[in-house]
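Hi there,

Here is the structure I promised to pass on. Have a look first, and my notes follow below.

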Amino acid sequence: MKAKIHVTLKQGILDPQGKAIEHALDSLGFKNAANVRVGKYMEVDVQETDKAKADAQVKQMCEKLLANTIIEEYRYELV
Amino acid sequence: MKAKIHVTLKQGILDPQGKAIEHALDSLGFKNAANVRVGKYMEVDVQETDKAKADAQVKQMCEKLLANTIIEEYRYELV
Amino acid sequence: MSLVITKELIAQHNLTDDEFKKIVEILGREPNLTELGMFSVMWSEHCSYKSSRVHLKKLPTTGPRVIQGPGENAGVVDIGDGLCVVFKMESHNHPSFIEPYQGAATGVGGILRDVFTMGARPIALLDSLRFGGLDTAKNRHIVKGVVAGIAGYGNCMGVPTVGGEVVFNDIYSLNPLVNAFCLGVAQKDKIFLGTAAGVGNPVIYFGSKTGRDGIHGATMASDSFDDQSEKKRPTVQVGDPFQEKLLLEACLELMAGDLLVGIQDMGAAGLTSSSCEMASRAGNGIDLDLTHVPRREPGMTPYELMLSESQERMLMVAKAGKEEECIRICKKWDLDVAVVGKVTGDGILRVFDQGKVVAEIPAKSLADDGPRYERPYSPPGYQDMLTNLNYDALPDVKDANAALLALLESPTIASKRWVYEQYDHMVRTNTMVRPGSDAAVVRIKGTNKAVAMTVDCNSRYCLLNPYEGARLAVAEAARNLACSGAEPIGLTDCLNFGNPERPDIMWQFVMAIEGMKDACEHFKIPIVSGNVSFYNETNGLSIYPTPMLGMVGLIESVDQTMTQWFREDGDDIILLGA
Amino acid sequence: MNVGVIVFPGSNCDHDCRHVFQDVLGQSVRMIWHKETSLAGIDAVILPGGFSYGDYLRTGAIARFSPVMGAVKAFAKDGGAVIGICNGFQILLEAGLLPGAMLRNRSLHFICKDVHVKVENAATAFTEACESGQVLKIPVAHADGNYYTDPVTLAAMQANAQIVLRYCTPEGKVTPEANPNGSLDNIAGIINPEGNVLGMMPHPERCAEDVLGNRDGKLIFLSLLKAMKVKV
Ligand SMILES: Nc1ncnc2c1ncn2[C@@H]1O[C@H](COP(=O)(O)OP(=O)(O)O)[C@@H](O)[C@H]1O
């Protein structure tokens, strides 16, 4: 199974990268682009056929390593 | 409208981050995790109600700024 | 797979008909595709110096301090106390134009490897950059990417980037220059060379896995290439400085033991160049078995494996019986490692894949018997006009204050703080004089000495008069060192020019060499390493001749170190010189 | 004193820390490979700067799982002195030995330059050789030094005097302009509530000798020696 994982900064935490991109888009003439948020997208192959097991594993990966839950939140899907 | 944009490395391009994470997952005991690839995930509010127009704009943003099309590819959806 | 080597295929490999004939003569038969690929990279201008070698020979390369001159991965100069400095400069111009961040990053990676393969720990980087004007978004994109790429790689490696140069001129818009200089320190009796001595010794691959990065001639047709070739074969190499940091530490640990006979990094032309050059230097051959080469992707052909330019890889020849120890050290540093061959006595680089011989070429023919050209040269048509410029016809400056301000505002003269603050220029705690003065000064721990380093070239002078321009560049570099309290002890160069097949460009090159030669002889400063980068032109427009120099000076006692700034109110100011 | 300098893959200020303790301060130093699991005989632990695991994913995120970190945690729990500098600070945060997290610098760039920091708490094992309010000039070199924590934790740290160093002007004013990276409350260095674990972004080991033109950083190390009752 493949896990598709999104890790994004929590609401309310300033996103300097997003701000910079927003600014750059603006100066490129994209005046109607706003609220840019930048996060990470990861794909991981999980060699596990049991969906529930795979799910539990991916959740653990996220909690332990892939996201820092002080500043980030995560979500994932398994396909 | 909100654009949800995924930027990922093209096939065959070295992904040092993915490699390091794979290694870390392995030593954390996630032995069945493989082929980790890391990309970016961005959300942009596009103040535009016409879907076709918004689409054209986001495509341009990706081509011009958000993706480095020499080594990266992108996809997006508008919601 | 039998494949007819067509004229088209030969041309796609950038080989001339005569060069191909010479290959057939050497082999006594037609090459197969893998062999053709190997010859094409080794006989390329980049690897063979075919247009420059006859002229480079004129440069003074010896001196009482010189331990190793040109021809190895880097030059080596004695600094006393049983220590030596190892340094070199290298260009990464074209890759940096295509992908500024990765191009510049991998340029830094390459020059670092050149230095640490010799057994030296790198202690300083400098970078010399040429860009088009900042008024276009494209140029700004290149500037940002290149600076971030140099920072990204050097900072992560923990080697300080202590100085450099940035010049803006529209002539570099379509062909920016990214030249990186690296200096390392080693014990004098612990220098490692790229040699495959000792028949029977194991040949060991270590570092990153091999992928399809930067394979030369990606557009080529053959039965194993299909419509998707272009997509499958990215020519852009991505650097992994973390991997290189591990490679550095592993190398130094390997070298500290009594394990190695020779070692070389896989730069341009990867496995091909490292194996044939090491074999050729020792007068030996190598049997190389591709079956064991660590790879990133399935289905790679011998052609791809031999030509891949994947970064952060090395080849070492170990003492027989020491392979286990070598493998243990590589594994400690989480590197891929595999015994991929052994040294043979017959002088042949013989490549096997899955039990079959896929290439069989005399190592020396690949590495050293490439073509040499005495290309015709003559001054360009506009040279007379440049020589006879009438400076008196220029208008007088009316408002000197305004003129000064305008000068100070120009990006070439303005502060480069935006650049060097992105570089870690203090890591390793040796940096005595940081960016901002005439030369960077770095102390040598364990001694009372320091080395000063500078990179210089005024390419406008070189356009006006390549001979004088090059001479002046040597003099400027020497002055920058002298003003820092150092005595110049050695020089490396990175000669950036246009297309050498054009007589006017060749003329610029030959004149610049003459100028460097005369100045180096005058100052008694040997050139111990260097690099030539030709074909710096786009749409027929060549860059200005840019023979970049990296000069190294020795400060015998750290308290003699000087900086360029005024120190205190009331100090006298004295103008020296003519 | 026996100082242990932890070497993670990608650490690159490990030699610098050894140099300061060994060659400048005359202490004995053991380089501790990240796969070791014992800190026996060590009096103080340094987590040096660098790019452990290439800073991939997040700074410090992978290093925190190195085998040695179990021993470091136990050492800290027993009251042992631990200093994390730059990447070492980032690792301490990820490991939960100090509160908070690092975000990208406000400018998004790597920044290497001298900054000024104010000693806000001179009554710690890492600052007792300084005067309260003293301004130190120490270089920073990082891309992720923009410290963040939630308001509750911040208030607690303020109340406990856990904020040890704050970015300031050369005159000692804590202003937004003096903040090089956007760090919350101009935080440059913090300690844990027990006072035995310090994390700081500036590099004191880079300015502890006259030959480098600045000795302000030495005060941090001298403080530690003083706290450990070591004569130099
Ligand atoms: N690309 C660079 N990398 C690092 N330092 C640089 C770079 N460019 C310029 N510098 C530093 O900025 C200072 C001024 O450089 P430059 O403008 O070339 O002055 P000069 O004309 O005195 O050589 C020098 O000390 C130099 O080392």
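Predicted model: local features only at pLDDT ≥ 70, side-chain atom pairs only at ≥ 80, totals over all residues.

Let me begin with D:Asp55, which counts as buried because its relative accessibility is 18%; buried means under 20% relative accessible area, exposed over 50% and partly exposed in between, with a 1.4 Å probe and protein chains only. The residue sits in the loop between strand 3 and helix 2 (68-77) of chain D, where helices (H or I, at least four residues) and strands (E, at least two) are DSSP runs numbered from the N terminus.

Residues are numbered from 1 along each chain as its sequence is written, chains are lettered from A and ligands numbered from 1 in the order in which they are written, and side-chain values use heavy atoms, with hydrogens and water left out.

Two further residues in chain D

D:Asn186 also has a positive phi, about 60°, although it is not a glycine. You will find D:Asn186 in the loop between strand 9 (163-168) and strand 10 (187-191) of chain D, and it counts as buried at 8% relative accessibility.

D:Leu39 lies in the loop between strand 2 (28-33) and strand 3 (44-47) of chain D. With 10% relative accessibility, D:Leu39 counts as buried. Leaving out residues up to four places away in sequence, D:Leu39 touches D:Ile6, D:Arg30, D:Ile32, D:Val45, D:Val68, D:Ala71, D:Val72 and D:Phe75, contact meaning heavy atoms within 4.5 Å. From D:Leu39 to D:Val24 is 15 residues in sequence and 23 Å in space, C-alpha to C-alpha.

Chains A and B

Among the five pairs of chains that touch, A and B have the most contacts. The contact takes 31 residues from chain B and 30 residues from chain A. Together the two chains bury about 2,800 Å², 60% of it on carbon and sulfur atoms; buried area is the accessible area (1.4 Å probe) that two parts lose on being put together, summed over both. B:Phe30, B:Asn32 and B:Tyr41 supply 23% of the area that chain B buries against chain A, more than any other three residues.

There are 15 residue pairs in polar contact between chain B and chain A, both at pLDDT 80 or more. A polar contact is a pair of N or O atoms within 3.5 Å; within protein, one must be able to donate a hydrogen and the other to accept it, and residues adjacent in sequence count only if both atoms are side-chain atoms. On the side of chain B that touches chain A, the largest share, 14 residues, comes from strand 2 of chain B.

That strand and strand 2 (residues 33-46) of chain A run antiparallel and are joined by eleven bridges; two strands pair if DSSP finds at least two bridges between them. A:Arg37 stands opposite B:Glu43 in strand 2 of chain B.

Other chain pairs

Between chain B and chain D, six residues of chain B are in contact with four residues of chain D. The area buried there is about 530 Å², with 86% from carbon and sulfur atoms. Chain A and chain C have no contact, and their closest C-alpha atoms lie 10 Å apart.

Best wishes
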